[in-house]
Amino acid sequence: MSEKKLPGHVKVAIIGGGVVGCSILFHLAKFGWKDVVLLERDELTSGSSWHAAGQIHTISSDPNISRLQGYTINLYKEIEETSGHSIGSHPTGGFYLASNDVWHDYLKRERSKARYMGLDQEFISPEEAARRHPLIDPKHYVAALWDPLDGDIDPSGVTYAYAKSARVHGAEYFTHTPVTETRQRPDGTWDVVTPKGTINAEIVVNAAGLWAREAGRMAGLNLPVQPMEHHYLITEDIPQIAERMQSGERLPAGIDYEANIYFRQERNGMLLGTYEPRSTPWKVGGTPMDFGHELLPPDLERVADRLELAFERIPALADAGIKTVVNGPFTFGPDGNPMIGPVPGMTNYWTAVGVMAGFCQAGGVGLCLAEWMMEGEPSIDVWAMDIARFGDYATPDWGTVKSSENYERRFVMTFPNETLPRGRRQKTTSIYDRLVARGAVMGDSFGLEHALWFANGPDDAHEEPTFQRSRAHDYVAEEVRAVREAVGAIEIANFANHEFSGPGAREFLDRVLAGRVPKPGRLTLTPMLTPKGKLYGDLTVGCLDEERFMLFGSGAAQEMHRRWFERHLPETGVSYANRSDDYHGIALSGPDSRELLSRITRDDVSAEAFKFRDMRETFVGNVPVILNRISFSGELGYEIYCAPQYQLRLFEAVEEAGEGLGLKLYGNRALMSLRLEKNWGAWTLDYRPDFTAAQSGLDAFVLWDKDFIGKEAAGRERSEGVSSRLVTMTIDTDGIDVVGDEAVMKDGDCVGYVSSGGYAHYVGKSMAMGYVPPELAADGSTLEVEINGEFYPAQVTAHPLYDGNGERMRS
Ligand SMILES: Cc1cc2nc3c(=O)[nH]c(=O)nc-3n(C[C@H](O)[C@H](O)[C@H](O)COP(=O)(O)OP(=O)(O)OC[C@H]3O[C@@H](n4cnc5c(N)ncnc54)[C@H](O)[C@@H]3O)c2cc1C
């Protein structure tokens with residue numbers, strides 16, 4: 001259709017005709033936006049889409065991505081029928097092979113996730129796997145997880161089927177139409193420049209795949225994605241396969257994690273791919289504009305050890321000749337998941353980049369992006385794919401380092417207590433070296449290092465990756481004890497701080513937040529809702545004076561929240577800034593925290609003079625601070641925020657004043673344990689846009705006699721009731737705790753899932769939070785939780801096991 005004239009104006013212009021761009025075009029058109037175009041530099045599929053291996057599966061580290069992968073696979077029939085274009089589908093089913101007990105445990109956890117996602121996976125024995133796929137040697141395996149949705153498709157066929165279906169629904173695509181510039185007009189729309197003319201678009205979507213970085217730079221956006229070289233090979237015909245094909249029997253697809261191989265049937269031979277242990281980032285400086293339908297020179301040396309393992313496990317491969325070796329580049333993001341959505345800090349600029357498994361994921365990406373654009377929010381929580389989960393720390397160099405790590409770990413297990421080593425110390429605070437010297441084992445979140453727990457000095461600061469309780473367990477118990485019985489100090493630089501000022505600030509916050517906006521000097525807790533009543537934040541709002549407010553919230557969600565605030569800001573009357581990098585700090589928690597604080601401030605911080613949920617600007621430890629009387633630990637406690645350049649001074653003052661009070665530094669693991677025995681949820685885990693205020697229990701903080709975003713939907717739900725509720729459970733386990741995403745069962749049926757949990761050290765119980773149907777949410781309700789394939793008795797505990805009335809934090 002390149003002879004057709006480009007329109008002068010459109011609602012959406014999509015850059016890139018790979019599988020991702022075409023899926024977005026299809027979904028927008030199907031849902032009713034016809035005024036949408038896709039612009040492709042060359043022919044469709046001219047990036048990584050044409051040379052993909054075409055294997056499809058549902059397993060992903062994130063349950064919602066798995067769910068969307070299921071959606072993608074189930075969509076294929078529809079686009080084939082709508083377009084009349086064959087997608088070359090082979091729905092063979094497939095299996096994931098475990099060659100040792102640890103991988104078996106991993107698969108049991110995947111099976112547990114699949115239960116509540118409604119995916120139909122089942123364990124089969126290695127012998128049964130070998131019956132379904134006679135080329136594998138079952139002696140190498142201990143178990144196999146079967147997924148009927150797995151199989152393979154023709155990548156080019158799928159891409160064209162999306163594009164042609166989009167056309168059937170009224171949208172248009174233009175090939176041989178490279179976008180050479182994107183220029184923003186003062187009204188926020190974009191002029192999208194091509195050699196064939198310029199289109200004015202209300203929204204631009206960067207779906208430029210291998211050229212995502214180049215397309216981003218045209219708009220001033222530096223994306224941390226990196227194309228990686230990747231090999232697969234196709235064998236000559238294998239006699240056993242040719243024989244089976246006479247009766248039309250295709251082999252199922254498979255993944256062997258330990259051998260790091262994926263395989264499937266290709267004609268009468270096999271296709272075998274692997275993620276090599278030492279990756280090769282491709283064109284770090286940028287993808288050449290004239291790179292076309294090309295492959296890269298193969299280098300089998302790089303995958304030789306993987307092939308050896310493959311030949312052992314699938315012996316017929318060793319005798320088969322290699323017909324074709326494909327080495328092609330495709331783009332990875334820093335954590336291996338796509339980066340989609342409106343870019344924080346930009347207007348009308350969206351991305352759908354870093355999609356490394358496009359044939360499993362593009363349908364879900366297209367669905368979510370279309371819903372988000374047309375309805376203001378996607379129908380499920382897309383946090384794991386949201387571009388806002390990265391900030392300015394995600395530089396192009398960091399992106400290359402992390403994307404390479406992710407490529408290499410594609411089939412390498414990451415344990416729940418494991419932190420990944422590359423790209424670390426990207427952001428540190430001024431007390432980083434002090435914390436490490438005190439024995440901190442560090443983790444990172446939103447690029448910033450923070451202490452997970454404290455060992456007895458740097459030499460002791462190590463932990464084995466495991467699904468069981470690790471050696472950190474006892475150390476964390478000591479930190480919890482110090483907080484409950486004396487005083488603990490935790491760095492809180494990784495909390496987000498948002499500042500609002502101006503004459504319209506209160507009115508704005510009143511509309512954006514569902515809870516009460518406090519009077520000067522006070523703090524309140526409040527949920528933030530979307531128009532559909534979904535949770536979009538659980539925040540602490542503080543009023544410094546009538547025209548100045550601070551919001552404290554999840555550090556990881558800071559750019560997501562910034563995008564939300566900026567989207568809703570009025571033209572005048574309110575200034576807003578994400579101040580998270582301007583405020584670091586330390587929290588003091590525990591019965592002796594008041595005594596410690598009083599030693600380093602001239603203020604009267606007695607219970608009468610500085611009450612629970614008071615806030616003020618003052619001086620602590622000789623530095624200017626914002627002082628909040630609040631604590632996520634459930635104890636008497638204080639959050640002390642200061643500018644980063646003062647944090648070391650504050651830390652030294654705290655340590656010095658803590659002498660003789662039993663002061664102990666504590667980390668994030670202890671904090672997560674402390675909040676668990678208070679039945680308090682955490683953002684991104686228990687509180688997230690999959691759920692509403694009423695489901696999560698955060699409706700207790702809603703102020704119903706004012707107008708706020710989401711009020712109508714939340715009110716409706718109030719009268720109609722909820723489909724699930726967040727509960728806290730104790731679990732009768734033996735040496736193992738939940739991590740998150742485990743199935744919650746009742747009488748053999750999956751009724752919900754675990755949103756977070758672990759060991760509640762002070763009350764001495766293994767605990768979990770999770771969503772279950774309301775009729776199972778009552779205090780004392782008995783359930784089961786599946787951990788590594790075992791079902792453990794669980795009991796709902798509606799009231800916090802520790803300090804149920806909250807007296808200690810108010811004392
Ligand atoms: C060897 C190999 C095997 C793979 N195997 C699988 C597999 O088995 N299963 C699976 O799910 N995935 C697999 N993949 C990954 C899959 O190919 C990618 O996830 C997918 O192709 C990404 O699609 P995309 O649309 O994001 O990008 P691309 O396919 O790169 O498409 C981007 C498009 O944008 C166009 N473009 C770029 N810049 C401009 C511009 N300025 N103006 C206009 N157009 C522009 C390009 O020409 C291109 O057509 C494999 C990849 C490789 C390389």
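These legends walk you through close-up views of one predicted model.

Before you start, residues are numbered from 1 along each chain as its sequence is written. In this predicted model, local features need pLDDT of at least 70 and side-chain atom pairs count only at pLDDT 80 or more, while totals for chains, interfaces and linings use all residues.

**Figure 1. The whole chain.** Let's begin with the overall build: the chain has 21 helices and 37 strands (DSSP runs numbered from the N terminus, with helices being H or I of at least four residues and strands E of at least two). Its C-alpha atoms fill a box of roughly 85 × 65 × 50 Å along the principal axes.

Figure 2. Look around the ligand and you'll find 39 residues, with Glu 40, Arg 41, Ser 49, Val 355 and Gly 358 the closest (a residue is near if one of its heavy atoms lies within 4 Å). The shell splits into 22 nonpolar, 15 polar and 2 charged residues (Ala, Val, Leu, Ile, Met, Phe, Trp, Tyr, Cys and Pro count as nonpolar, Asp, Glu, Lys and Arg as charged, and the others, Gly among them, as polar).

**Figure 3. Backbone atoms facing ligand oxygens.** An oxygen atom of the ligand sits 2.7 Å from a polar backbone atom of Val 355. For Val 20, a polar backbone atom is 3.1 Å from a ligand oxygen, and for Gly 47 a backbone N or O atom lies 3.4 Å from one. The protein covers 98% of the 1000 Å² of accessible area that the ligand has on its own (Shrake-Rupley method, 1.4 Å probe). Helices H1 (19–30) and H10 (358–375) and strands E12 (226–235) and E16 (322–332) each give two or more residues to the shell.

**Figure 4. The second largest pocket.** This pocket has a volume of about 530 Å³ (a pocket is an open set of points on a 1 Å grid with protein on both sides within 12 Å along at least five of seven lines, and lining residues have an atom within 4 Å of a point; a volume is the space filled by probe spheres set on the points). Among its 28 lining residues, Pro 342, Trp 350, Trp 372, Arg 563 and Arg 567 lie nearest the centre. Helix H15 gives the most to this lining, with 5 residues. By class, the lining has 15 nonpolar, 6 polar and 7 charged residues.

Figure 5. The whole structure holds 8 cavities of 30 Å³ or more (in a cavity, a 1.4 Å probe fits but cannot get out).

Key:
Heavy atoms only, no water. Polar contact = N/O pair within 3.5 Å; in protein donor to acceptor, adjacent residues only side chain to side chain.
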